[in-house]
Amino acid sequence: MNLQLMSRMTTICFLSVLYFVAAHPTQAARENRPKAWTDPDAARQEDPDFAIQGEYGSAGAGASLGVQVIALGNGQFDAYLLQDGLPGLGWAPGKSRTLLKGMREGDKATFTDADKKISATIHGGNLLLTGEDGKNSTLPRIERNSPTLGAQPPKEALVLFDGSSAEQWENGKSEKGCLLATDCTSKQRFGDYTLHLEFRTPYMPLARGQGRGNSGVYHSGRWETQVLDSFGLEGKDNECGGIYSVSKPLLNMCLPPLSWQTYDVDFAAATFDANGKRIAWPRITVKLNGVIVHEDLELNKDFTTSAPIDQPLVNPEGPVYLQNHGNPVVYRNIWIVPGKLVAHLPGAEPEPLVSDLKPEIVRFDPFTWPSEIPEDCPFERSKVFNAIRFLGVKSGFQYGDTWYPSWAENDILYSPWTDGKTKRLDGYTDWSQSWVHPEHITTGQGVILGDDPLNLIAYSIGLDKSSPAAPYPGRYPCGSLVHNGVWYYGTYCLGPGDGVYYGETRLNWPWIGPFVGFRHSTNYGHTWTPTPHTPSEPLFGETGMWGHPVKIGAPKFVDFGKNMEHSPDGKAYLVAHGADQETTSKNWRMWNDSWVTGDQIYLLRVTPDIKTINDRSAYEFYGGKDKDGKPVWTNDFEKIKPLLEWDNNMGCVTVTYNPLLKKYIMCVTDGGNTVSRMNTYLLEADRLDGDWKIIAYMKEFGTQAYFVNIPSKFIGGDVVTMWLLYSGNFSLDQNQKPHPVNPPGGHYGMTFQKIQLLSNESPGTARGSE
């Protein structure tokens, strides 16, 4: 026999033996499998390592560090030190992730990195970390729950498993209220659907890789969203959250073993023409533990590994399948909503399907905010108003932030939003993240229905992911305008990141980047055409790299009322805060020109149209005033001049026209050091080009309010009553403590405060409730 033939036969025999052993494990092999605990109390009593593994840090956003500790068995651990907090709360791919090796002795575990520059000790439910600089930090052990854990099925849902019976499944087996992973298949088949299910992986510290809590959820019987105990790992396509052999998750959101976890999936089936030819692959959006890990992903293959249906795709429908991979993974609370849940008609938003889209109302004693105008304020005092009275009622929604509503001709307010969760009509929640990864930025679009902030309905109508940020880390919404049925949605860039330090000072996005451009929609935000501009080639040609000052960073449209009805000339005007090289170098700060700080306000205008909105040559820039005091407008960006200037005291700016008062009201927020308490002041003028006079200066308004604006739709008939819209208190202070709330009821997201502009008010002393 020749050597080549012997080699082939040896290979065949070896593979046959492997297949036989895998398919028919012996009793000894079964007994030698790593132990798997399925009950947390038993694991805690029988293995001291279980109480040490898990997550350490803060359960909220804004932390500077987080640690995930993985049990490897016999007192051995891997721990990962994560910059800016735990996954989903600050850490994201691209941020530092440092491995520490650990060992337990008794009830204490000690850890160190490879260079022995970082060390940690876990004892009594706390992790004491000593960093490279010798400073100590104490991080408590926390247990996070998915925000969709226990989600109740809507009335349109088909319940596939509620703990009582496995009758909806072929080969299904129920035990102790859980559905076992027994290669069970739903009896019904589905095309498009929304699926919710909850799963729990066992605690198997001695197991590794695909042998550690493995199962899988197959959509249409073909495409697997992996279930695995990959807590703390890198996040690959064959780990929890991955689409096996198709795509790794955007973020590893796997929780520790024996935690109940959630998958929430929107699945759009493949489409076929009249002749049965496939014309589009299926698409899928997946949330693991409430965080998007795949968004509108194309499943561009007939099936993934080990799929029960492994034939060419000819049918858009298929079952849900739960894989048995030999590990005791269990499932519960499984329900599915077949078909498309919401059908939007352009210009006529559908009626809400849930009742919890109403605002939160808080009432308190009215008070007048004392105006504490700094001595170096360059603006004359208003002769019309000199104080702001808070009328004792707050409305709002604890959603994401960045709400700048535009009043459309159909009487609906449309607004951008981002960085948080906003409810949808179908009872689910969209989660927009403008910072998670430069190539995977999401920005949201929302709707506000109603004529009174006390009786509004507000919700998300979707997320857009056509706005990559690179070479900047973040990209956020700013100017938004709906005019003659077209929605123009602007975005700008930020750097170098959240949670960066300048000496001992923690900062939040201290450098504003350029305004990129506008995407547009002709069906009120349900589909979009991206801007032709990029962060590297933005509309106005500016750069914010390495802290270079930007003049037009985050422009906002002047609110001229419904469909811009009060524009003086049919043009859209924009205001933007920024800085120039001269002011930046004169009194330099690391955060001199940031998302919420600056030295100057700039003004520009354009006739809004799809052809002009991204055409730099169509814009006119305010270039100061001529010898007669009339405004100078120029098409030359290099000749732009500040409308207003107050070194180190300007920041986010918005302007609203009050047609009954025949005045413009400007809201400016000086954002301190970007995470401190913030100051807001209001100015008034008869014309956009001024002269602007100060109404009131509200020191520490919020006490950390930002993105302050006055929606024109809610200006009262007495001309002086209106609503301030803002977001507040997004970060902790330098001591990692929350900022106080003032006025009462304020919060992150969308806060409305009812106010009145006062004349001839004597200075007050009380600032209201802390």
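Modeller: Trp487 is buried, with a relative accessible area of 0%.

Biologist: Why is Trp487 called buried?

Modeller: Buried means under 20% relative accessible area, exposed means over 50%, and partly exposed lies in between (1.4 Å probe, protein chains only). The value of Trp487 is 0%, which is under the 20% limit, and therefore the residue counts as buried. The model itself is predicted, with residues numbered from 1 along each chain as its sequence is written. Local features need pLDDT of at least 70 and side-chain atom pairs pLDDT 80 or more, totals for chains, interfaces and linings use all residues, and side-chain values use heavy atoms, without hydrogens and water.

Biologist: How confident is the predictor in the chain, by average pLDDT?

Modeller: pLDDT is the predictor's confidence in each residue, on a scale from 0 to 100. The chain averages 90, and 92% of the residues score at least 70. Residues 1–31, however, stay under 50 and have four contacts (heavy atoms within 4.5 Å) beyond four places in sequence. Residues 340–354 are also below 50, although this stretch has 39 contacts beyond near neighbours in sequence. Where pLDDT is low, the predicted coordinates should not be read in detail.

Biologist: Which residues have the most contacts inside the largest nonpolar core?

Modeller: They are Tyr619, Met666 and Trp692, in a core of 65 residues. A nonpolar core is a set of buried Ala, Val, Leu, Ile, Met, Phe, Trp, Tyr and Cys residues joined through side-chain atoms within 4.5 Å. Another core, of 47 residues, lies apart from the largest one and has Val227, Phe231, Tyr263 and Ile336 among its members.

Biologist: What makes the pair of Trp223 and Phe267 tilted?

Modeller: Rings of Phe, Tyr and Trp (its six-membered ring) pair if their centres lie within 6.5 Å; planes under 30 degrees apart count as stacked, over 60 as edge-to-face and the rest as tilted. The centres of Trp223 and Phe267 are 6.0 Å apart, so the rings pair, and their planes stand at 35 degrees, so the pair is tilted. Trp223 belongs to strand β16 and Phe267 to strand β17, 44 residues apart. Helices (H or I, at least four residues) and strands (E, at least two) are DSSP runs, numbered from the N terminus. Trp223 is buried at 2%, and Phe267 is buried at 4%.

Biologist: Why is the pair of Trp487 and Tyr489 tilted?

Modeller: Their centres are 6.1 Å apart and their planes meet at 40 degrees, so the tilted class applies. Tyr489 is buried, with a relative accessible area of 1%. The face of Tyr489 also has Arg519 over it, at 3.6 Å from the ring centre. A charge sits over a ring if NZ of Lys or CZ of Arg is within 6 Å of the ring centre and within 35 degrees of the ring normal. The charged end of Arg97 likewise sits over the ring of Tyr80, 3.7 Å from its centre.

Biologist: Is Ser245 buried, partly exposed or exposed, and why?

Modeller: Ser245 has 32% relative accessibility, so it counts as partly exposed. Ser245 lies in the loop between β16 (223–227) and β17 (261–268). Its phi is positive, about 70 degrees, although Ser245 is not a glycine.

Biologist: What is the class of Asn484, and why?

Modeller: Asn484 has a relative accessible area of 53%, which is over 50%, and therefore counts as exposed. Asn484 also has a positive phi, near 50 degrees. Most residues other than glycine have a negative phi, and most peptide bonds are trans.

Biologist: Which peptide bond at Pro743 is cis?

Modeller: The bond from Asn742 to Pro743 is cis, with omega near 10 degrees. A cis peptide bond also joins Gly690 and Asp691, with omega about 10 degrees.
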